[in-house]
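The sequence and structure come first, and the notes follow.

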Amino acid sequence: MSVRNLQFLFAPESIALIGASQRPGSVGQVLMKNLLGQKFAGPVLPVNPNEAMIASLTAYKDVASLPVTPDLAVICTPPATVPGLIDALGQRGVKAAIVITAGFAELGAEGHALQQQLLQAARPHLLRIIGPNCVGILVPGVNLNASFAPVNALCGKLAFVTQSGAVLTSVLDWAASRTIGFSHMVSLGGMADVDFGDMLDYLASDSDVSAVLLYVESITHARKFMSAARACARIKPVIVIKAGRHAEGAKAASSHTGALAGSDDVYEAAFRRAGMLRVTLLDELFEAVETLAAGIRPSGERLAILTNGGGIGVLATDELIDDGGVLASLSGATLARLNKTLPVTWSHGNPVDIIGDAPGARYAEATRALLEDKNVDALLVLNCPTAIANSSEAAQAVLDNMRDTRKPVLTSWLGGASTGPARALFRAAGVPSYDTPTQAVRAFGHMLRYRRNQDLLMQTPAGGGEALHSSDSAEVREIIDRALHEQREWLSEAEAKFVLAAYGVPVVETRVAKNPGQAGEIAGAFGGLVALKIMSRDITHKSDAGGVALGLEGADMVRATAQAMLARLERTHPQARIDGFSVQPMISGKGAAELIIGVNTDATFGPVILFGEGGVSVEITADKAIGLPPLNGILARELIDRTRIVRRLRGYRNVPPADMDEIIRVLISVSHLATDFAEVAELDINPLIASAEGVMALDARIRVIPAAGEPADRLVISPYPAQLARMITTNSGAQYNLRPIRPEDEPALIAMVDALDPEDARLRFLSIMRHMSHQLAARLTQIDYDREMAFVALDENGISGVVRLAADPDGGKADFAVLVQSRLKGTGLGFALMREIIDYAKMRGIGELTGDILTENRTMRAMAHKFGFVTLTNNTEPGQVRVSLDLRGNGL
């Protein structure tokens with residue numbers, strides 16, 4: 001349901017507390033005290049059938065007795081009473097409730113049934129619920145404390161949303177001692193209704209929220225969460241802690257990919273792809289907020305460290321390397337420059353130790369030199385207090401010499417009271433400052449990961465489909481359907497390799513033998529060394545069962561090995577059905593690396609792609625990275641770069657680099673396969689041999705299950721909808737290529753807008769626009785196709801027109817906008833684009849299409865009138881009209 005009626009939760013004008021009490025220490029008494037103690041401006045109405053007065057206020061016996069309909073109800077009565085109360089509140093017209101009461105789904109089947117009754121009671125009335133089993137919410141900006149937290153929250157611009165009530169009260173207490181304020185503190189509890197996706201959608205549009213902090217135990221409605229998270233993360237930092245990073249006793253998996261793709265790895269991949277920053281400690285949440293709030297973004301990963309103490313410089317370096325960071329290699333020119341200005345005893349390298357007696361002037365010279373070095377992407381400045389030099393003077397020198405740089409500068413002035421004035425200088429200038437070098441280096445890591453994740457957020461790859469010829473697609477479909485009809489979960493090795501080959505993955509030639517004799521004949525035909533593998537639908541890991549033999553030569557050796565293999569398996573796996581053998585030539589390449597590429601289906605986030613080091617010890621080395629499909633080249637490369645084996649793939653000693661383009665192509669092909677066929681539940685290519693000569697899949701396994709819906713339905717990130725591209729013809733007969741907008745359209749969109757007549761630009765953007773900024777163009781071209789759509793009309797000159805809609809998170813309404821080149825006004829292109837977006841909105845089930853038009857824009861108003869738009873009377877902006885088209889039952 002998303003954001004509908006959430007305003008009654010977070011900005012109510014009246015509140016009823018059901019279960020209010022005068023008994024000291026009871027939840028009802030603490031809630032009443034907090035509601036009144038925060039000086040909430042509206043009426044607070046206690047409900048208790050056994051009391052006449054509570055906290056000097058009239059108490060009401062039931063919901064029906066309330067003198068007014070409250071915006072918000074807070075419930076702390078026994079669980080069995082809650083569904084009836086929700087129904088009564090809904091009948092009364094209440095639109096929001098916080099259920100503090102525990103005893104629902106967290107208790108098992110009986111509690112889950114009670115929770116369903118609660119939801120069924122709320123649904124007909126569109127009554128939104130936070131909880132059950134929660135601490136409540138705090139919104140200091142409207143003096144709302146509807147919680148039983150022990151202290152109030154200070155007012156600020158951070159929103160904190162958590163499933164855990166204990167974490168909320170702990171953070172509240174911790175933050176109060178550090179004067180950290182909040183715009184919202186929300187305990188979601190059991191998330192029967194309002195969940196993280198709803199909260200992200202709501203907080204994204206709140207201008208009083210500068211950053212969103214999440215404490216996550218689990219995610220519900222993953223696709224909604226990803227859309228909401230991506231939308232919010234485009235606007236403001238979203239920082240998340242995920243509990244349960246180590247899943248002890250995880251269930252046994254039937255594939256290497258399934259064993260390696262743990263739940264926490266998938267959550268990490270989702271957070272990364274959504275543009276959020278994940279941290280592991282609660283105090284890191286607030287460190288990261290301070291860092292990201294400074295608005296500085298490093299262009300690279302090379303850090304220079306400037307210090308007046310060698311020891312703390314070494315500590316900072318150790319922390320940087322442990323965190324996977326890169327210590328900058330200073331240029332010869334910078335070293336020469338520092339040699340001229342620093343004492344001869346300086347460190348002559350990075351970290352730059354300018355000695356303990358360093359005055360402000362020495363800090364100034366070193367700061368300037370390091371920031372001007374092209375080998376340096378960011379600077380960390382450290383200071384230890386000494387009796388010889390003034391810490392505040394050093395701080396001011398750093399500030400004075402970083403004014404003209406765009407490179408990030410982080411600081412850590414160690415010590416206590418003596419360094420307080422220096423830290424105050426940095427705070428006043430908006431320069432991040434940290435208590436310890438470890439915190440500062442960790443903050444630099446936050447910057448890097450946030451920048452990388454924001455880059456991933458902007459990627460919108462296509463799905464599959466176009467990677468496959470129709471004939472191959474039919475054969476792949478036939479193979480999958482045949483396996484399902486035969487009630488086989490696992491494709492045979494030959495079938496799996498055919499499927500991969502259909503998607504352009506190079507596979508080693510593999511022949512099937514029904515018996516040891518045929519296996520020997522095939523080996524003789526191949527010549528040279530061969531690999532022999534058992535074929536059995538009942539043996540998942542062939543190597544573990546002794547069903548693989550490598551480096552065999554000649555028909556006799558292969559025949560004898562096959563016979564011995566059968567005899568051994570008859571003893572160890574007597575129930576296994578043996579379908580024969582596969583024989584393939586041994587493939588070797590100088591310095592070739594063994595890789596694994598796979599697919600697994602996560603219960604929450606659907607299909608995931610795995611890349612890492614392969615081979616028989618794949619689960620022991622556990623060198624892997626997880627990503628969400630669909631992938632493109634950038635996302636595939638990022639996946640590779642997160643593994644340890646990438647260093648080997650780049651080449652070493654006399655071994656040339658592996659063909660990285662071919663590895664990326666296989667990753668994209670596997671991504672397409674996962675997005676094209678919903679039946680593909682698991683896939684292993686292990687090993688994929690990679691060398692300078694290319695790649696080759698030596699073994700492959702694919703598990704299929706009946707599809708639960710369309711392939712795109714199981715993806716949590718909507719792929720680029722290439723299937724919507726087509727030709728359109730205007731009423732004047734002109735033809736254009738119409739397709740959904742892509743991120744790479746940004747330069748063409750800027751060029752189109754910059755070429756507009758200034759008056760046309762003003763009419764479209766409702767204000768004067770002489771140039772479209774990169775930030776705006778990026779926002780308009782990098783869209784979430786789950787909630788937005790923009791079609792571009794293309795001719796030989798580039799973009800001729802654009803039409804777009806942006807739906808609200810509920811999908812019930814959408815705003816539209818249309819723009820054509822000035823030279824094409826009056827040619828019918830704008831009319832054709834409007835027709836396309838209306839048809840698309842109807843196809844998506846959007847009920848109402850609205851738009852804002854300048855009152856003087858008579859041409860646009862006339863076109864809207866032709867399509868059946870009506871002018872609304874409740875326009876909010878002077879000089880504008882809002883038009884609306886009801887698409888429910890509209891015959892256009």
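In this predicted model, arginine 701 lies over the face of tryptophan 490, at 4.2 Å from the ring centre.

**Aromatic pairs**

The count of aromatic pairs comes to 12. One of the pairs is formed by phenylalanine 182 and phenylalanine 286; the arrangement is edge-to-face, with 6.2 Å from centre to centre and 80 degrees between the planes. The angle counts as edge-to-face because it is over 60 degrees. This pair links distant parts of the chain, as phenylalanine 182 is in strand E11 (residues 181-187) and phenylalanine 286 is in helix H10 (residues 282-293), 104 residues apart. Both partners are shielded from solvent by the accessibility criterion: phenylalanine 182 is buried, with a relative accessible area of 1%, and phenylalanine 286 is buried at 8%.

**Packing of H12 and H13**

Two packed helices are described by the angle between their axes and the distance between the axes. For helix H12 (residues 332-341) and helix H13 (residues 360-371), the angle is about 170 degrees and the axes are 10 Å apart. H12 and H13 are therefore roughly antiparallel to each other, since the cut-off for that class is over 145 degrees. On the H12 side, the contact is made by Thr334, Arg337, Leu338 and Thr341; these meet Glu365, Ala366, Arg368, Ala369 and Leu370 in H13. The residues of this contact divide into 4 nonpolar, 2 polar and 3 charged.

**Backbone geometry**

Most residues other than glycine have a negative phi, and most peptide bonds are trans. The table lists departures from this pattern.

| Site | Backbone feature | Value |
|---|---|---|
| glycine 131 to proline 132 | cis peptide bond | omega near 0 degrees |
| proline 629 to proline 630 | cis peptide bond | omega about 0 degrees |
| leucine 126 | positive phi | near 55 degrees |
| glutamine 487 | positive phi | about 55 degrees |

Proline 132 lies in the loop between strand E7 (128-130) and strand E8 (136-139). Proline 630 lies in the loop between strand E26 (624-627) and helix H22 (633-641). Leucine 126 is placed in the loop between helix H4 (109-122) and E7, and counts as partly exposed at 30% relative accessibility. Glutamine 487 is found in the loop between helix H17 (470-485) and helix H18 (493-502); with 75% relative accessibility, glutamine 487 counts as exposed.

**Two further positions**

Is valine 30 buried or exposed? Valine 30, in helix H2 (residues 27-37), is buried, with a relative accessible area of 19%; the value qualifies because the cut-off for buried is under 20%. Leaving aside neighbours within four places in sequence, valine 30 is in contact with Gly25, Ser147 and Phe148. The C-alpha atom of valine 30 is separated by 25 Å from that of glycine 111, which is 81 residues apart along the chain.

Threonine 179 lies in the loop between helix H5 (165-176) and E11, and counts as exposed at 64% relative accessibility. A separation of 7.1 Å lies between the C-alpha atoms of threonine 179 and leucine 154, 25 residues apart along the chain.

Key: Residues are numbered from 1 along each chain as its sequence is written. This is a predicted model: local features need pLDDT of at least 70, side-chain atom pairs count only at pLDDT 80 or more; totals for chains, interfaces and linings use all residues. Side-chain values use heavy atoms; hydrogens and water are left out. Axes are lines fitted to C-alpha atoms, for helices over the stretch in contact, and angles run from 0 to 180 degrees between N-to-C directions. Helices (H or I, at least four residues) and strands (E, at least two) are DSSP runs, numbered from the N terminus. Angles under 35 degrees count as roughly parallel, over 145 as roughly antiparallel, 65 to 115 as roughly perpendicular and the rest as oblique. Contact means heavy atoms within 4.5 Å. Ala, Val, Leu, Ile, Met, Phe, Trp, Tyr, Cys and Pro count as nonpolar, Asp, Glu, Lys and Arg as charged, and the others, Gly among them, as polar. Rings of Phe, Tyr and Trp (its six-membered ring) pair if their centres lie within 6.5 Å; planes under 30 degrees apart count as stacked, over 60 as edge-to-face and the rest as tilted. Buried means under 20% relative accessible area, exposed over 50%, partly exposed in between (1.4 Å probe, protein chains only). A charge sits over a ring if NZ of Lys or CZ of Arg is within 6 Å of the ring centre and within 35 degrees of the ring normal.
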